[in-house]
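This briefing walks through selected features of one protein model, grouped by topic for reading alongside the coordinates. Please keep the sequence and the structure in view while going through the points.

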Amino acid sequence: MAEYHREQEVKLELGEEGYTRLKALLMDESAKTPAKLVGVRFQCNRFYDQGTLLWDRDTKLRLRREFFVPEEALSLVTFCAPAYQTPSELILTAKCGRGQQRAGVSDQDEHSYAFPEDERERVWADMSETLAFEHVAQLGLPVEMHLFIEELALACWGSFENERYEFVADENLVCLDRTTFSNAMRDWELEIETERPEEALAEWTLFLTGHGIPWELQSHGKALRLRNAIGIAPAHSAGP
């Protein structure tokens, strides 16, 4: 079933040192932190476009395969990539429009479709180089965008893998990401999915600073950082 929501996130760049220190702090059960571990997601992401036709319309198409390990099972899992043998989900997502964004905060329309379990392996294998429109049609996009994409030959232009530690803090989902791009570059980031981004930004920057953890406001989403990493960045950022 297709879903739509307005995605609001706080994004903070950590660097390897900041990531390592924050992860150790949040994983320490004896420490007084605002977050509780839920589990870890291993994610593999592919992006599709015809040249930059979608990108130039501030739209990104992403197919994500992921494997989720709940907190109570982490001790039973060997952390080695790829951990994608039995994916818990395969999700196609379209992020549309530049949204309201400033450094550290993003706000964007997101349409998604989760594939049924019996289709996941076939779709992932078949869509390694191109993306069939029959899958895009499941997203329930606005009519104008639907018709535009129907005429495109969608090819995979890049990919990255992400190891995501997920925590809950009040009503927010706190994600600690270690991302490996397709050219082997890595970066480290804190993402907070929230309905009150300004409050979450103030709370978490204060928390990080108070614990001496280095951070910077993240100005670009992972898709743009991927394009920069592999040398195909277009003239504008296409939103978060």
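At 36% relative accessibility, Arg196 falls in the partly exposed class, and its side chain forms a salt bridge with Glu199 in which the closest N and O atoms are 3.1 Å apart. The model is a predicted one, so each value given here is computed from predicted positions.

**Salt bridges**

- The count of salt bridges comes to 22, and the pair of Arg196 and Glu199 is described above.
- Salt bridges that share partners join Glu9, Lys11, Arg164, Asp177, Asp187, Glu189, Glu191, Lys222 and Arg225 into one network.
- Arg41 and Glu166 meet through their side chains in a salt bridge with an N to O distance of 2.6 Å; Arg41 belongs to strand β2 (residues 36-49) and Glu166 to strand β7 (residues 154-169), so this pair ties together parts that are 125 residues apart in sequence.

**Packing of helices α1 and α5**

- Two packed helices are described by the angle between their axes and by the distance between the axes.
- For helix α1 (residues 15-27) and helix α5 (residues 197-210), the axes come within 11 Å and cross at roughly 100 degrees, and the two helices are therefore roughly perpendicular to each other.
- On the α1 side the residues in contact are Leu22, Leu25 and Leu26, and they meet Trp204, Phe207 and Leu208 of α5.
- Sorted by class, this contact of α1 with α5 contains six nonpolar residues, no polar residues and no charged residues.

**Nonpolar cores**

- In soluble globular proteins, nonpolar side chains tend to be buried together.
- The largest nonpolar core in this model has 29 residues, and those with the most contacts inside it are Leu14, Leu22, Phe167, Leu176, Leu190, Trp204 and Leu208.
- Two or more residues of this core are given by each of β1 (2-13), α1, β2, β7, β8, β9 (186-193) and α5, and the largest share, five residues, comes from α5.
- Trp204, leaving aside its neighbours within four places in sequence, is in contact with Leu26, Pro34, Ala35, Ala169, Val174, Leu190 and Ile192.
- A second, separate core has 22 residues, including Ala94, Trp124, Leu152 and Leu154.

**Surroundings of Lys95**

- Lys95 is found in strand β4 (residues 89-96), and at 13% relative accessibility this lysine counts as buried.
- When residues up to four places away in sequence are not counted, Lys95 touches Glu7, Asp58, Thr59, Lys60, Arg62, Gln108, Asp109 and Glu110.
- For one of these contacts, Asp109, the C-alpha atom is separated by 5.8 Å from that of Lys95, although the two residues are 14 residues apart along the chain.

**Loop residues**

- Most residues other than glycine have a negative phi.
- Asp58, in the loop between β2 and β3 (59-70), has a phi near 60 degrees, which is a positive value in a residue other than glycine, and at 16% relative accessibility Asp58 counts as buried.
- Ala184, in the loop between β8 and β9, likewise has a positive phi, near 80 degrees, but at 59% relative accessibility Ala184 counts as exposed.
- Pro142 is found in the loop between α3 (133-136) and α4 (143-150) and, at 47% relative accessibility, counts as partly exposed.

Definitions and conventions: Residues are numbered from 1 along each chain as its sequence is written. This is a predicted model: local features need pLDDT of at least 70, side-chain atom pairs count only at pLDDT 80 or more; totals for chains, interfaces and linings use all residues. Side-chain values use heavy atoms; hydrogens and water are left out. Axes are lines fitted to C-alpha atoms, for helices over the stretch in contact, and angles run from 0 to 180 degrees between N-to-C directions. Helices (H or I, at least four residues) and strands (E, at least two) are DSSP runs, numbered from the N terminus. Angles under 35 degrees count as roughly parallel, over 145 as roughly antiparallel, 65 to 115 as roughly perpendicular and the rest as oblique. Contact means heavy atoms within 4.5 Å. Ala, Val, Leu, Ile, Met, Phe, Trp, Tyr, Cys and Pro count as nonpolar, Asp, Glu, Lys and Arg as charged, and the others, Gly among them, as polar. A salt bridge is a side-chain nitrogen of Lys or Arg within 4 Å of a carboxyl oxygen of Asp or Glu. Buried means under 20% relative accessible area, exposed over 50%, partly exposed in between (1.4 Å probe, protein chains only). A nonpolar core is a set of buried Ala, Val, Leu, Ile, Met, Phe, Trp, Tyr and Cys residues joined through side-chain atoms within 4.5 Å.
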